Amino acid sequence: MTTAIRAPAVSVVPGLGARVKDAALAAFVAFVLLAPILGMETVPGPDGRLTLDFHFDLVAIGALGVFLGRLALSFALRGRPLARAAAGPLSVFVSRYGNWLGVAGLVFALALPLMPFSSRYVIDVATTLVIYVMLGWGLNIVVGLAGLLDLGYVAFYAVGAYSYALFAKWFGLGFWACLPIAGVLAAVAGILLGFPVLRLRGDYLAIVTLGFGEIIRLVLINWHEVTGGPNGIADIPRPSFFGFPFTRNPGEGEIAFHQLFGLEFSTMHRVVFLYYLALALALVTNLFVLRIRKLPIGRAWEALREDEIACKALGINPTNTKLTAFALGAMFGGFAGSFFATRQGFISPESFTFIESAIILAIVVLGGMGSQIGVVLAAAVIVLLPEIARELETYRMLFFGAAMVLIMIWRPRGLLAHREPTLRLHPRPGGGGS
Amino acid sequence: MAYFLQQLINGVALGMVYGLIAIGYSMVYGIIGMINFAHGEIYMIGAFVSLIAFTLLGMLGVSWAPLALVVVLLTAIAITSLYGWTVERIAYRPLRGSFRLAPLISAIGMSIFLQTYVQITQGAKIKTLQPVITGGFTFTDASGFTVTISWIQILIVLLTLVLMAGFTWVIAKTPLGRAQRACQQDLKMAALCGVDVDRTISLTFVIGAALAAVAGLMATLYYGVIDFFIGFLAGVKAFTAAVLGGIGSIPGAMLGGLVLGLAEAFWSGYFSIEYKDVAAFTILVIVLIFLPTGILGQPEIEKV
């Protein structure tokens with residue numbers, strides 16, 4: 001309803017004086033904003049009372065930066081709005097060569113442990129990356145395909161992780177037995193949450209899922225008898241190679257992985273195995289999503305995302321359709337969670353905060369909602385960037401928040417804007433594609 | 001009975017704070033139909049500006065509490081309002097008319113940004129403010145229980161009532177209030193009738209931020225401890241209050257805040273303090289399911 005009240009596209013190019021004045025105003029605002037928070041740091045004084053440390057040099061630098069940035073921006077944009085509706089060159093490239101990129105990425109991922117540069121560290125980072133890719137793909141079902149904003153995705157990740165940890169510890173079940181249980185439990189949690197709330201409007205849904213994520217976390221913290229409270233669960237059984245453990249000295253009657261294949265014992269075996277396990281889970285997720293998009297249910301999700309009222313008119317039950325998306329997304333979250341638990345060997349509520357949900361959401365959003373390759377690119381950016389620049393660790397979330405805002409402004413549909421329906425009744429003249 | 005009264009007093013004071021934050025959510029939602037997810041962070045910044053202003057005044061040797069309070073109140077309102085204005089200008093205005101979830105995602109990004117910004121610049125540790133106002137009234141009943149109303153609680157209630165009265169007047173009588181009500185009814189039509197929509201929306205954010213700044217100041221005085229993370233929970237609870245009262249309705253936001261504050265106080269007083277946040281979220285879910293338009297809200301008509 002707000003489409004028509006944008007300012008008309010006046011193409012009057014402002015003069016230099018007006019630009020400097022505008023930049024000076026922006027710098028002044030920045031100065032006032034930064035002066036108390038950045039310029040005066042509250043620190044405990046010698047007598048325990050708070051005193052202030054002054055950093056007005058930083059404030060001045062910040063204001064100057066805003067001045068120059070604003071000036072540069074006004075020259076770069078020349079009065080045009082920042083947002084672009086059209087797809088950028090990256091997006092065109094990916095939509096044209098998407099399949100080849102996918103194959104190349106897959107080959108690289110499969111060959112990674114054999115590469116000369118792959119140390120234990122590289123494989124570890126790669127495993128983390130693959131897990132985020134999998135979570136991104138899972139959330140993509142909910143956010144990208146069905147258009148439901150889920151801010152509590154980490155709750156399902158937590159359900160998966162805790163179900164694996166508890167079933168493995170108390171009932172001695174193995175990873176492969178727990179994996180479906182974790183997925184089913186997470187899906188059930190998704191249905192239990194989704195059933196009452198999926199009738200709500202999109203942004204209400206966002207807040208309720210956020211609340212649900214917090215409820216799960218608070219229950220995990222406070223339900224000491226089962227979850228171990230804030231201390232979490234330690235000594236979660238590590239994965240085995242289909243029954244052959246990765247230990248140097250296997251117990252009575254057991255054969256270890258290295259004995260089975262006649263290899264020298266190495267801790268790398270488990271790391272590489274975990275990597276392939278994560279990759280396999282992620283690929284299953286990807287295959288599932290790619291296939292289900294072409295089924296009636298997948299088309300119903302995309303139709304529902306575009307226009308709910310039209311869907312109702314066509315006889316699609318919106319609540320049930322959304323519920324399937326929600327439950328399936330939750331299930332993949334649960335799978336990823338149980339992998340997380342077996343990989344870490346230790347879980348606590350600390351790992352399942354809102355920030356984690358925000359990171360997964362950021363991956364989906366930055367990648368371009370609905371785009372599978374976009375998720376991989378965005379996950380790579382988000383996971384690898386802090387690894388490359390270790391000293392930027394503190395600023396990671398700052399960068400994150402700013403990137404979410406800027407990407408929404410610059411390209412509201414994500415880096416790889418891929419909101420084309422998977423199927424079209426009448427292909428566009430000129431061969432489709434965005 | 002005395003225990004009940006004490007919880008009632010605590011609940012009312014807490015509810016007033018929630019109500020003030022909730023108005024910001026409710027107004028913005030009423031006009032542009034988005035959840036300003038960063039509003040909780042605006043409240044947190046209000047609390048931090050108050051803390052910094054108190055510390056600065058303390059270092060300058062201003063020790064007369066009423067003067068300090070007035071100065072801090074005005075400073076916090078001015079600076080926090082500017083934050084509210086800037087957030088709208090940077091993160092929401094370019095997205096007006098974009099697809100539905102874009103402003104919400106942008107708001108989440110803004111919220112993360114502001115939280116980390118304060119965490120980096122002010123440190124992650126809990127900040128403790130020396131009590132500025134102490135004391136209050138104490139009553140003792142026959143069975144020996146005491147009921148305390150602190151000066152801060154009285155201040156919170158009075159200040160909130162004054163602000164509410166002033167605010168109701170602004171909405172009902174001033175040109176700005178008229179423009180806001182026009183925008184709430186129909187943004188496009190208001191623009192056609194000559195209402196400066198961008199300016200009205202900006203001022204709505206400024207007013208919301210000013211009220212959040214007052215809430216931040218009062219929370220700083222009331223609890224005495226703040227950290228960079230307080231905005232998240234307060235924001236979600238205030239949003240719950242806004243939904244509870246009927247989002248888009250200003251008296252509803254205040255009412256919702258009161259109901260939530262009382263529910264939380266009685267829950268902590270009679271059941272378990274660990275699960276008080278769970279109680280707040282559960283109320284949100286239950287309200288949305290059974291009373292999606294809230295107590296004072298109007299049903300939304302979906303037009304094609």
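Modeller: Let's start with helix α5(B), whose buried residues are B:Ile152, B:Gln153, B:Ile156 and B:Thr160. This is a predicted model, where local features need pLDDT of at least 70 and side-chain atom pairs count only at pLDDT 80 or more, while totals for chains, interfaces and linings use all residues. Residues are numbered from 1 along each chain as its sequence is written, and chains are lettered from A and ligands numbered from 1 in the order in which they are written.

Biologist: What makes a residue "buried"?

Modeller: You count the other C-beta atoms, placed from the backbone, within 10 Å of its own: 20 or more is buried, 12 or fewer is exposed, and in between is partly exposed.

Biologist: And what covers the buried residues of α5(B)?

Modeller: The cover includes α1, β3 (146–150) and α8 (197–223) of chain B. Those labels are DSSP runs numbered from the N terminus: helices are H or I with at least four residues, strands are E with at least two.

Biologist: What does the same sum say about α10(B)?

Modeller: Its 21 residues (250–270) should span 30 Å, and the ends are 30 Å apart, so that agrees. α10(B) is also mostly covered, with 15 of its 21 residues buried.

Biologist: Why is B:Leu8 called partly exposed?

Modeller: B:Leu8 has 15 C-beta neighbours inside 10 Å, so it counts as partly exposed. It is found in helix α1 (residues 2–32) of chain B.

Biologist: Is A:Leu185 buried or exposed, and how do you know?

Modeller: Buried, because 24 other C-beta atoms lie within 10 Å. A:Leu185 lies in helix α6 (residues 175–197) of chain A. Leaving out residues up to four places away in sequence, it touches A:Val159, A:Ser163 and A:Gly334. A:Met331 is 146 residues away in sequence and 7.7 Å away in space, C-alpha to C-alpha.

Biologist: What makes two residues count as "in contact"?

Modeller: Their C-beta atoms, placed from the backbone, lie within 7 Å. By that rule, 62 residues of chain B are in contact with 53 residues of chain A. On the chain B side, α4(B) gives the most, with 15 residues.

Biologist: What kinds of residue make up that side of chain B?

Modeller: They divide into 45 nonpolar, 10 polar and seven charged. Nonpolar means Ala, Val, Leu, Ile, Met, Phe, Trp, Tyr, Cys and Pro; charged means Asp, Glu, Lys and Arg; the others, Gly among them, are polar.

Biologist: What covers the buried residues of α1(A)?

Modeller: The cover includes β1 (40–44) and α2 (56–77) of chain A together with α2, α3 and α4 of chain B. Among the buried residues are A:Ala26, A:Leu33 and A:Ile37. As for length, the 22 residues of α1(A), 16–37, should span 32 Å and the ends are 32 Å apart, which agrees.

Biologist: How does the radius of gyration of chain B sit with that of a compact globule?

Modeller: The radius is taken over C-alpha atoms, and the globule rule is 2.2 Å times the number of residues to the power 0.38. For 304 residues the rule gives a value near 19 Å and chain B has 19 Å, so they agree. Of those 304 residues, 52% count as buried.

Biologist: How is chain A divided into domains?

Modeller: Into domain 1 (15–77) and domain 2 (100–410), with bounds from an automatic or database domain assignment. Their centres, taken over C-alpha atoms, are 40 Å apart.

Biologist: Last one: what confidence does the predictor give each chain?

Modeller: That's pLDDT, the predictor's confidence in each residue, from 0 to 100. Chain B averages 86, with 97% of the residues at 70 or above. Chain A averages 80, with 85% scoring at least 70. Over residues 1–10 of chain A the pLDDT is below 50, though beyond near neighbours in sequence this stretch has 14 contacts in the model.

Conventions: The expected span of a helix is 1.5 Å times one less than its number of residues.
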